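Me: I've got a model open here and want to talk through how its parts meet. Can you take a look with me?

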Amino acid sequence: MISAEESRALREATRRFVRASTPQSADDHEAAAAADRRTWTGMARRLGLQGVRVPEEFGGTGLDLEAELVVHEEMGGALHGGPFLPVVGQAVPALLTLAGDERARTMLAEITAGTSVVVPADARWYEPDAAPPVLSDGAGGPTISGVVPAVMAGTAADGWLVPADAGGRTALAWVPAGTAGAATEPMTTIDLTRGFAALRLQDAAAVVLARGAAAERARDAMETGAALALAAECVGIAAEALDLTVAYVKVREQFGQVIGAFQGVKHQLADLYVTLESARSALAFAARSVGESPPLRDAALAVARRRCGAAAFRIAGEAIHLHGGIGFTWEHRVHLYYRRAKTNQVLLDSGGGQARTIATNVAALYAG
Amino acid sequence: MTTTSTAGPTLDEIAAEAHAFLAARVPRRAPANLGAGPDDVMGVGLRRGDAELAEVEAAQTWQRDLFAAGLAWIDGPVEYGGRGLTEAHRNRVHAVLREYDVPNTACFMVGHDIVGPAILAHGTEEQRAAYLPGIWRGDIICCQLFSEPGAGSDLASLRTSARRAGDGWVVNGQKVWSSYAHLAQLGELLARTGDPADRHRGITAFLVDMDAPGVDVRPLRQITGAEHFNEVFLDDVAVPDAQRIGEVDGGWPIALTTLTSERSLMGDEHNGLMNDPVRRLYALAESTGADADPVVRELLAEAWEREQIVRETARRSLAAPAEDQSGSVLKLMSTADMEFYVAAATRILGPRLAVDHGTWGTFAWSQLLLGAPAHRIAGGSDEIQKNIIAERVLGLPRDPRPPIPGRSTTTTTQRSRGPA
């Protein structure tokens with residue numbers, strides 16, 4: 001476990017870096033995609049953030065989950081749009097489960113060095129019922145076909161880690177960008193700060209990293225990692241949207257006083273602070289429970305998925321409201337929090353699935 | 001048990017010690033035996049009459065043994081009967097205590113969590129020595145004498161007076177909402193010693209002997225039907241100056257120490273207010289078949305979620321700086337949780353919440369329905385807690401206060417203009 005002081009230092013270093021390299025308005029975001037690569041390598045060279053969880057033997061800093069979540073919070077607070085979340089939150093935990101494999105170790109080292117953007121493309125993550133791409137073992141080596149409906153940072157990738165169906169067993173395939181038969185198609189999104197793309201695979205040559213139980217483990221790690229990272233981003237989004245709003249109500253005057261002096265506004269902000277604290281607790285609880293028995297671990301993760309997304313969206317929505325008309329303009333960045341918050345929220349919990357996960361697992365806990 | 005070792009036990013050692021003490025005396029707390037026996041949802045409040053006296057007697061016997069074993073006041077100074085260990089040790093012992101079916105010691109809550117800390121922080125050497133061991137041994141039950149009919153949320157407007165008379169003071173006035181005053185030997189009193197216009201600057205804190213002539217305690221029946229708080233009339237009550245806590249007119253910071261501990265207490269999930277409510281909700285939904293309803297399943301999910309979040313927040317608050325006002329955050333969370341549990345039970349029970357059909361574990365939820373409103377008021381209302389968060393955490397302007405004569409006034413907006 002990192003100390004409170006180390007945690008603070010990591011948070012501040014991350015904050016300085018990502019805020020300096022993240023555009024502040026919607027227009028800037030649209031123009032910024034080209035700068036992403038420079039930011040990515042700079043982040044690795046100057047701060048080593050991609051290797052926050054990667055063991056020192058592979059060139060990383062080998063910190064713990066708590067430290068990684070601090071970084072994701074700051075990425076969320078800054079609305080960082082690069083591929084950090086899928087690579088560090090999702091791909092790294094999956095590759096760490098395969099660290100006995102030479103290819104996985106090489107990928108971890110390249111991620112840590114900032115030379116490779118390894119992006120998971122898991123059909124299930126975006127659409128729980130989506131059929132995964134199909135892996136076929138032909139004479140010329142394995143190939144993969146199918147569509148992953150939406151991939152976060154899909155176009156920025158140097159390749160995709162694709163959970164696939166290999167004759168009824170799960171396989172984890174690596175498809176480098178540029179492979180014949182692999183194409184991405186950018187999608188229109190409400191989140192203006194982060195790109196999504198559909199990944200279309202048609203008989204694309206693939207490297208199989210794992211099959212069966214090992215592939216399942218890697219995929220579970222991917223899913224858990226993504227959920228925790230998104231939830232942490234939500235905490236950062238919520239905290240930043242609240243900060244912005246508190247600062248605004250301290251200067252905006254109506255009826256001869258700052259609006260933050262009205263109890264109607266003060267109490268609303270106090271409620272939002274309690275909402276933020278509940279999201280922080282939900283995240284801490286889930287992070288602390290990753291090593292617990294499956295019913296407790298899964299229920300705790302579902303708590304974070306529900307609470308953190310809902311808290312970020314509620315606070316971002318109220319942030320717009322408390323900014324008044326200026327909050328509804330394109331140029332003010334508060335809507336960017338609203339857009340990111342809702343996107344993260346639906347990725348974390350849609351269709352009531354997480355409530356079902358909690359109810360089922362808790363009933364099992366009580367019965368056990 | 002002696003406490004002479006300066007090295008002191010490790011956390012594991014103190015836990016083992018607590019286990020040894022408890023295992024020899026009481027059974028392990030089994031997961032609530034749902035379906036038979038008492039079905040109380042609220043931690044049962046003290047009742048009047050013989051039942052209450054028996055409960056207090058059992059609590060006092062228990063507390064004496066715990067004290068003798070050095071397990072009552074883990075982080076208190078040795079010279080006043082404490083064990084001299086750390087807060088971490090205390091939390092560990094409390095965690096162990098929760099694993100056992102120990103007697104209900106709610107009658108000591110005010111002494112241990114509110115009056116005791118105020119005496120320790122602000123009392124004289126003599127006061128600490130005279131009261132703290134007794135409070136922790138269970139000999140002295142305490143109450144607060146703070147709120148008045150005319151001074152609720154605006155405590156600084158209180159009017160009960162203490163006037164100098166010879167070497168001591170004479171107190172007159174009326175206090176209200178004093179939990180356990182009918183059992184208490186010692187009351188922590190706030191009384192006006194200065195000009196009422198000076199508001200919080202003219203208040204002094206005293207320790208009042210509840211058996212003194214002129215102290216008249218009358219029970220108040222609550223909406224739950226229980227009588228655990230009281231109104232207290234103070235009619236020419238003589239209080240020696242040695243019973244004053246802190247400086248004359250310096251009672252306000254002492255009241256704040258007390259109020260802060262009360263808030264944390266109200267927000268603490270382990271305060272015994274509720275009896276495993278979430279586990280009971282799951283059992284209720286299962287026994288009635290309501291758990292097949294997706295809406296009920298969602299309510300059950302949120303109930304558990306809320307319980308874990310308030311616990312995690314309590315855990316985080318141990319490491320948080322005081323400026324975080326986590327007591328206020330916890331209190332707001334837990335009062336809202338209580339109302340949520342009522343709403344979930346209502347959805348499952350329907351009319352069986354309102355009319356007792358005699359089925360185990362059904363009508364008992366009306367205890368929570370009737371008890372919940374109190375907790376949004378006690379220990380600082382929701383609105384007061386929100387003001388505390390808005391002003392002290394978020395740095396928003398303070399609410400306007402009445403001007404104090406003879407002092408230059410600073411307006412709220414002038415003080416707060418611009419980003420903090």
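**Domains and contacts**

Reply: Chain B splits into domain 1 (143–250) and domain 2 (268–393), with bounds that come from an automatic or database domain assignment. This is a predicted model, where local features need pLDDT of at least 70 and side-chain atom pairs count only at pLDDT 80 or more, while totals for chains, interfaces and linings use all residues. Residues are numbered from 1 along each chain as its sequence is written, and chains are lettered from A and ligands numbered from 1 in the order in which they are written.

Me: How many residues does domain 2 of chain B put into the contact with domain 1 of chain B?

Reply: The centres of the two domains, over C-alpha atoms, are 32 Å apart. Contact here means C-beta atoms, placed from the backbone, within 7 Å. Domain 1 of chain B gives four residues, and domain 2 of chain B gives six.

Me: Which helix supplies the largest share of the side of chain B that touches chain A?

Reply: Overall, 33 residues of chain B are in contact with 36 of chain A. Helices H7 (277–288), H8 (294–319), H9 (326–349), H11 (382–393) and H12 (412–416) of chain B each supply at least two residues of that side; helices are DSSP runs (H or I, at least four residues), as are strands (E, at least two), numbered from the N terminus. The largest share, eleven residues, comes from H8(B).

Me: What percentage of residues 228–347 of chain A is helix?

Reply: That stretch carries the UniProt annotation "domain: Acyl-CoA dehydrogenase/oxidase C-terminal", from an unreviewed entry, and such annotations may be inferred rather than shown by experiment. Its end C-alpha atoms are 11 Å apart.

Terms used: Contact = placed C-beta atoms within 7 Å.
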